Amino acid sequence: MQSQTIDPSKTELNYHHKAEATHGEAHPDHRIFGLLVFLVAEGMIFMGLFSAYLTFRAVAPVWPPAGTPELELFLPGINTLVLISSSFVIHQADTAIKNNNVAGMRNWFIATAVMGVLFLAGQGYEYSHLEFGLKSNLFASTFYVLTGFHGLHVCVGVLAILAVLWRSLKPNHYSSQHYFGIEAAELYWHFVDIIWVILFFLLYIL
């Protein structure tokens, strides 16, 4: 009778050795994918708000309702230029860190944070000079909800940038090989900018 050959790779002992050998291997980094999924979810919330606004506009006999003061374009226009420009600024930080220039990255992130604060200050100034309140009419309510929700996201973006700056003070925390925090903050900031461009068109131009 021919003896049956046992495959050593299938024995329990070898199986455990193989499992131990592969256990220490680095797992794939899915953090950017996770962030993109989060941004898609946030985008869906904004799309729901935009859809509601367009529906209100479509069914209303007059939009904005009669008696609603006209929105000024000057300050929101400046705010738009500031926010769009900040996307180019924060991208320079990403370029700097990929060249192992941590100091340059910090400078570009500081500039982006300042631009974000300027945007929020401009929005606050606009709020303080509007001639309608949250409960004045449907247009006023949707205006404050849309711009306020976006402003909250800008605030979170500024805090994320400041967090990256704080962590960059630790020696060798960021480098040309390790820059997830910088890349994540940049992606989030671009998302905030794109949402504002859509919002600006809907509220101020359309």
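How far should the 29 residues of α2 span at 1.5 Å a residue, and how far apart are its end C-alpha atoms? I began my notebook with that. The model I am reading is a predicted one.

**Entry 1: the span of α2**
I located helix α2 at residues 31-59. At 1.5 Å a residue, its 29 residues should span 42 Å. I then looked up the end C-alpha atoms, and they are 42 Å apart, which agrees.

**Entry 2: α3, checked likewise**
I turned to helix α3, residues 74-98. It has 25 residues. From its first C-alpha to its last it reaches 37 Å, close to the expected 36 Å. Just after α3 I noted Asn100, with a positive phi of about 65°.

**Entry 3: α2 against α5**
Two packed helices are described by an axis angle and an axis distance. I looked up both for α2 and α5, the latter covering residues 138-168. The angle is about 165°, and the axes are 10 Å apart. The cut-off for roughly antiparallel is over 145 degrees, so that makes α2 roughly antiparallel to α5. The crossing of α2 past α5 is left-handed.

Which residues meet there? From α2 I listed Glu42, Ile45, Phe46, Leu49, Phe50, Tyr53 and Phe56. From α5 I listed Leu138, Phe139, Thr142, Val145, Leu146, Phe149, His150 and His153. I sorted the residues of this contact into 11 nonpolar, 3 polar and 1 charged.

**Entry 4: the buried side of α2**
Which residues of α2 are buried? I wrote down Leu35, Leu39, Glu42, Gly43, Phe46, Phe50 and Tyr53. Their cover includes α5 and also α6, residues 180-205.

**Entry 5: Ser87**
I picked Ser87, which sits in helix α3. Is Ser87 buried or exposed? Its relative accessibility is 12%, so Ser87 counts as buried; the cut-off is under 20%. Setting aside neighbours within four places in sequence, I found Ser87 in contact with Trp189, His190 and Asp193. His190 is 103 residues from Ser87 along the chain, yet their C-alpha atoms are separated by 5.9 Å.

Note on methods:
Residues are numbered from 1 along each chain as its sequence is written. This is a predicted model: local features need pLDDT of at least 70, side-chain atom pairs count only at pLDDT 80 or more; totals for chains, interfaces and linings use all residues. Side-chain values use heavy atoms; hydrogens and water are left out. Axes are lines fitted to C-alpha atoms, for helices over the stretch in contact, and angles run from 0 to 180 degrees between N-to-C directions. Helices (H or I, at least four residues) and strands (E, at least two) are DSSP runs, numbered from the N terminus. Angles under 35 degrees count as roughly parallel, over 145 as roughly antiparallel, 65 to 115 as roughly perpendicular and the rest as oblique. A crossing is left-handed if the near helix is turned anticlockwise from the far one by less than a right angle, and right-handed if clockwise. Contact means heavy atoms within 4.5 Å. Ala, Val, Leu, Ile, Met, Phe, Trp, Tyr, Cys and Pro count as nonpolar, Asp, Glu, Lys and Arg as charged, and the others, Gly among them, as polar. The expected span of a helix is 1.5 Å times one less than its number of residues. Buried means under 20% relative accessible area, exposed over 50%, partly exposed in between (1.4 Å probe, protein chains only).
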